[in-house]
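User: I've got a chain loaded and want to go through it with you. Can we start with the contacts?

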Amino acid sequence: MNEFTERTIKLILSIPAGKIMTYGQIARRAGNPRGARQVVWILHTMSHIHHLPWHRVVNAKGEIAIKDDESKFIQVALLEKEGIEVDKNGRISIEKYLIEPDEMDTREKGSWK
């Protein structure tokens, strides 16, 4: 597994319940500012294996980017279970729920400050 993938997995695992990050944020923090699509691929192919909280990752506008209705429904349900409000258009308030990468201390097990 390459270093970007390892850092991406660590970041995603470290997103606390009730918070979200964007694909782009994760890519930048993992070392590839243009790697948002790689983050999508990692989520798609490795969420089950690594038990990733995939539902806490959204696009830069705070929108659920999944097109499949069933998966979108599951993501909304999981987010709402954690107290995250999702509007009828599948949008989440970035201002309210986004956790910034600088609030993260990855030196110790990817824990949040």
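Analyst: This is a predicted model. Of the contacts in the chain with a separation of 6 or more, 61% are between residues 24 or more positions apart.

User: How much of the chain is buried?

Analyst: Of the 113 residues, 42% are buried. The accessible surface is about 7,100 Å², and carbon and sulfur atoms hold 51% of that.

User: Which residues have the most contacts inside the largest nonpolar core?

Analyst: Phe-4, Ile-12, Ile-26, Val-39, Leu-43 and Val-57 do, in a core of 17 residues. Helix H1 (3-13), helix H2 (23-30) and H3 each give two or more residues to this core. Apart from it there is another core of ten residues, including Val-58, Leu-79, Ile-84 and Leu-98.

User: Back to Val-57. What is it in contact with, leaving aside neighbours within four places in sequence?

Analyst: Val-57 is in contact with Ile-12, Ile-15, Met-21, Thr-22, Tyr-23, Ile-26, Leu-43 and Gln-75.

User: And Arg-56, buried or exposed?

Analyst: Arg-56 counts as buried because its relative accessible area is 12%, and the cut-off for buried is under 20%. Arg-56 sits in the loop between H3 and strand S2 (57-58).

User: Which residues does Arg-56 touch, not counting those up to four places away?

Analyst: Arg-56 touches Ile-15, Pro-16, Ala-17, Lys-19, Ile-20, Met-21, Leu-79 and Glu-82.

User: What lines it?

Analyst: The lining of the largest pocket consists of Tyr-23, Val-40, Leu-43, His-44, Ser-47, Trp-54, Ala-65, Ile-66, Ser-71 and Ile-74. By type, seven of the lining residues are nonpolar, three are polar and none is charged.

User: Which helix gives the most to that lining?

Analyst: H3 does, with four residues. Helix H3 (36-50) and helix H4 (69-81) each supply at least two.

Key. Residues numbered from 1 in each chain as written. Predicted model: local features only at pLDDT ≥ 70, side-chain atom pairs only at ≥ 80, totals over all residues. Heavy atoms only, no water. 1 Å grid on protein atoms, 1.4 Å probe; cavity = no way out; pocket = protein on both sides within 12 Å on 5 of 7 lines; lining within 4 Å. Nonpolar A, V, L, I, M, F, W, Y, C, P; charged D, E, K, R; others polar. Buried < 20%, exposed > 50% of the residue type's maximum accessible area, 1.4 Å probe, protein only. Contact = heavy atoms within 4.5 Å. Areas by Shrake-Rupley, 256 points an atom, 1.4 Å probe, with all protein chains shown as cover. Core = buried A, V, L, I, M, F, W, Y, C linked by side-chain atoms within 4.5 Å.
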